[in-house]
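Here is a briefing on a single chain. Look over the sequence and the fold, then read on by topic.

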Amino acid sequence: MQNVLFLCTDNSARSIMAEALLRHWSEGQLTAFSAGSQPADEPHPIALKLLEERSVAVHGLRSKSWNEFANPHAPVMDLVITVCDMVANEAGPVLPGDPIRVHWSLPDPAAAIGDEAAMHDAFATVCEQLEQRIAQLVTIPFADRDTKSVQADLESIAAIA
């Protein structure tokens, strides 16, 4: 079983959507988590609405601090994926174990400017990008690959537009 942690600043949009999408598409092969360096009070409502529109479960999703995963009693992460450029440049938490780390640069849909339709479109674009990347992530045969090969696979996924 591979534990995957998605990190972002607010843990309200990109990382929350990634957590939910990986839970949905991995069919129990991977365990998804998400957290933020400065978590919001709750997930962004548009992110939750988009997930529900795609029949992806949102029950139990919550914004949380990455400090929850830095304590010795936290699940050991095998893979940490930053989805926010700001967090990718932060030192980040010291996590138990020695997770593979990769960065998937995605724009912040919550920073989009415009009316409700423009905001929905910004979130939908990011959600689609996450779906494409996660569709590739779940095909990686982690048990059959060495760390260097997995890292290469993950970096090629990061290049998916």
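**Asparagine 11 and the predicted fold**

Asparagine 11 sits in the loop that links E1 and H1. The model is a predicted one. Asparagine 11 is buried, because its relative accessibility is 0%. Its phi is near 50 degrees, a positive value in a residue other than glycine.

- Most residues other than glycine have a negative phi.
- Serine 55 also has a positive phi, near 60 degrees, and is not a glycine.
- Serine 55 belongs to the loop between H2 and E3.
- Is serine 55 buried or exposed? Serine 55 counts as exposed, because its relative accessibility is 59% and the exposed class starts over 50%.

**Overall architecture**

- The chain is built from 5 helices and 4 strands.
- Read from the N terminus, their order is β-α-β-α-β-α-β-α-α.
- The radius of gyration is 15 Å, close to the 15 Å that the globule rule gives for 161 residues, so the chain is as compact as a globular protein of that length.
- Along the principal axes, the C-alpha atoms fill a box of roughly 45 × 30 × 30 Å.
- Take contacts between residues at least 6 apart in sequence: 70% of them join residues at least 24 apart.

**Surface and charge**

- Buried residues account for 47% of the 161 residues.
- The accessible surface is about 7900 Å². Carbon and sulfur atoms hold 51% of that surface.
- The chain carries 10 positive and 22 negative charges.

**The largest nonpolar core**

- In soluble globular proteins, nonpolar side chains tend to be buried together.
- Here the largest nonpolar core has 50 residues. Those that touch the most other members are Leu5, Phe6, Leu79, Ile81, Trp104, Leu130 and Leu137.
- Strands E1 (2-8), E2 (30-36), E3 (79-82) and E4 (100-103) each give two or more residues to this core. So do helices H1 (14-26), H2 (45-53), H4 (116-137) and H5 (147-158).
- Which element gives the most to this core? H4 does, with 8 residues.

**Core residues in detail**

- Leucine 5 is part of strand E1. It is buried, because its relative accessibility is 0%.
- Beyond its sequence neighbours up to four places away, leucine 5 touches Phe33, Ser34, Ala35, Phe69, Met77, Leu79, Val80, Ile81 and Leu95.
- Leucine 5 and phenylalanine 69 are 64 residues apart along the chain. Their C-alpha atoms are separated by 8.8 Å.
- Leucine 130 belongs to helix H4. Its relative accessibility is 0%, so leucine 130 counts as buried.
- Outside four places in sequence, leucine 130 contacts Arg14, Met17, Ala18, Leu21, Val83, Trp104 and Leu106.
- Leucine 130 and alanine 158 lie 28 residues apart in sequence, with 10.0 Å between their C-alpha atoms.

- Isoleucine 46 counts as buried, because its relative accessibility is 16% and the buried class is under 20%.
- Leucine 48 has a relative accessible area of 22%, so it is partly exposed.
- Which residues does isoleucine 46 contact, leaving aside neighbours within four places in sequence? They are Met119, His120 and Phe123.
- Isoleucine 46 and methionine 119 are 73 residues apart in sequence, yet 8.0 Å apart in space, C-alpha to C-alpha.
- Leucine 48 touches Ile16, Pro43, Val58 and Leu61, not counting residues up to four places away in sequence.
- From leucine 48 to isoleucine 16 the C-alpha distance is 8.5 Å, across 32 residues in sequence.

Technical notes:
Residues are numbered from 1 along each chain as its sequence is written. This is a predicted model: local features need pLDDT of at least 70, side-chain atom pairs count only at pLDDT 80 or more; totals for chains, interfaces and linings use all residues. Side-chain values use heavy atoms; hydrogens and water are left out. The radius of gyration is taken over C-alpha atoms; the globule rule is 2.2 Å times the number of residues to the power 0.38. Buried means under 20% relative accessible area, exposed over 50%, partly exposed in between (1.4 Å probe, protein chains only). Contact means heavy atoms within 4.5 Å. Accessible areas come from the Shrake-Rupley method with a 1.4 Å probe; for residues, only the protein chains shown count as cover. Lys and Arg count as positive and Asp and Glu as negative; His and the chain ends are not counted. The place of a charge is taken as NZ of Lys, CZ of Arg, CG of Asp or CD of Glu. A nonpolar core is a set of buried Ala, Val, Leu, Ile, Met, Phe, Trp, Tyr and Cys residues joined through side-chain atoms within 4.5 Å.
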